[in-house]
Amino acid sequence: MSNVVVKKRSSALGAEVLGVDLREELSEETVARIREAWLENLVLVFRDQHLTHEQHIAFSRRLGPLETHESIPKFCHPDHPEILLVTNYENTGKKLVVGRQWHSDLSTTRRPAKGSLLRCEEAPPAGGDTMFCNMYRAWEALSPAYRAMLQDRWALHDMTHARETRTRRSPEELVDIRRRNPPVYQPVARVHDETGRTALYVAEMTTVAFEGMSEAESRPILDYLFDRSVVYENVYRHRWRPGDLVMWDNRCAMHIALADYGDDERRVMYRTTLQGEPSGRLPEAETSAAAE
Ligand code: SIN
């Protein structure tokens, strides 16, 4: 018998799961209950878990195959390529900045992440929260006419569009990042492959323009969608405690890491990333070049 208890922590999304110890080998029934609660609540919080890297990876694998992060060596754990280092400092002591605009993980790739599982080892005394937004609700709140306009549209997601990247990297570096990570088109109205529900899939950090429209034409529409998506009623805000593990569904939720803590305060987190289904495609020019 599974002892899992799920308590909603916000009306839009986000629930806490009680009665599980993720360090243990969970029964199929327990994993099925967690998966069901995840699809329903988009974000699940497990408190007081204090997992090792191995336990974090083992639990994540129960939910599906994992990405490895060797392509970003600065953030990849040297012994566990499944673990992404989400810390605010480098071993050199240099400050790092990650995820500080609304986004959905790996939306700039053809196969964006299905889900992410972030575990907290050290949190600043105050600040450094992560906020999550329900993108089903963002889609459903639009009028039928506005939805019809966006229904079959695609939008370009570009890794170099992130504010921190654009402002801190040289033009040469941006060209190199774009060459290694070519921007991809993603559907604006994305149908979730498990629930069948439609979610709005545009993100402040990565979405540049709609296919067939210039950036200037797209900007007012995108700005409206970004602002409208993250209204208070669509959001859950997570205050981290060491030992927390939070998992979210990137297909229908966006998130942002808040930068409201001191430069000398440590925030040490580790993330695993669940592989998703392909949803993106390269722009036509790149597709034909790749075929040659
Ligand atoms: C992420 O964007 O995956 C990390 C979020 C966070 O650091 O809170």
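Threonine 160 sits in the loop between strand 7 (154-157) and helix 5 (163-168). Helices (H or I, at least four residues) and strands (E, at least two) are DSSP runs, numbered from the N terminus. This is a predicted model: local features need pLDDT of at least 70, side-chain atom pairs count only at pLDDT 80 or more, and totals for chains, interfaces and linings use all residues. Residues are numbered from 1 along each chain as its sequence is written, and side-chain values use heavy atoms, with hydrogens and water left out.

**Threonine 160**
- Threonine 160 is buried, with a relative accessible area of 3%. Buried means under 20% relative accessible area, exposed over 50%, and partly exposed in between (1.4 Å probe, protein chains only).
- Not counting residues up to four places away in sequence, threonine 160 touches Thr165, Arg166, Leu174, Ile177 and Arg178. Contact means heavy atoms within 4.5 Å.

**Overall fold**
- The protein has 8 helices and 15 strands.
- Its radius of gyration is 19 Å, close to the 19 Å that the globule rule gives for 292 residues, so the protein is as compact as a globular protein of that length. The radius is taken over C-alpha atoms, and the rule is 2.2 Å times the number of residues to the power 0.38.
- The C-alpha trace spans about 50 × 50 × 40 Å along its principal axes.
- Of the 292 residues, 53% count as buried.
- Take the contacts between residues at least 6 apart in sequence: 79% join residues at least 24 apart.

**Surface and charge**
- The protein exposes about 13,800 Å², and carbon and sulfur atoms supply 51% of it. Accessible areas come from the Shrake-Rupley method with a 1.4 Å probe; for residues, only the protein chains shown count as cover.
- The mean positions of the 39 positive and 45 negative charges are 2 Å apart. Lys and Arg count as positive, Asp and Glu as negative; His and the chain ends are not counted. Each charge is placed at NZ of Lys, CZ of Arg, CG of Asp or CD of Glu.

**Aromatic pairs**
- Rings of Phe, Tyr and Trp (its six-membered ring) pair if their centres lie within 6.5 Å; planes under 30 degrees apart count as stacked, over 60 as edge-to-face and the rest as tilted. The count comes to 4 aromatic pairs.
- Phenylalanine 46 and phenylalanine 59 have ring centres 5.8 Å apart and planes at 70°, so this pair is edge-to-face.
- Phenylalanine 46 is in strand 3 (residues 43-46) and phenylalanine 59 in helix 2 (residues 53-61), so the pair ties together parts 13 residues apart in sequence. Both residues are buried.
- Phenylalanine 132 and tyrosine 236 are stacked, at 6.4 Å centre to centre with 15° between the planes.
- Phenylalanine 132 lies in strand 6 (residues 130-134) and tyrosine 236 in strand 12 (residues 235-238), so this pair ties together parts 104 residues apart in sequence.
- Phenylalanine 132 is buried at 0% relative accessible area; tyrosine 236 is buried at 8%.
- Ring pairs link Phe132, Tyr236 and Trp248 into a cluster.

**Proline 124**
- Proline 124 lies in the loop between strand 5 (115-122) and strand 6. It is buried, with a relative accessible area of 4%.
- Beyond neighbours within four places in sequence, proline 124 contacts Arg239, Tyr261, Glu265, Arg266 and Arg267.
- Proline 124 and valine 268 are 144 residues apart in sequence and 9.0 Å apart in space, C-alpha to C-alpha.

**Tryptophan 240**
- Tryptophan 240 is in the loop between strand 12 and strand 13 (245-249). It counts as buried at 3% relative accessibility.
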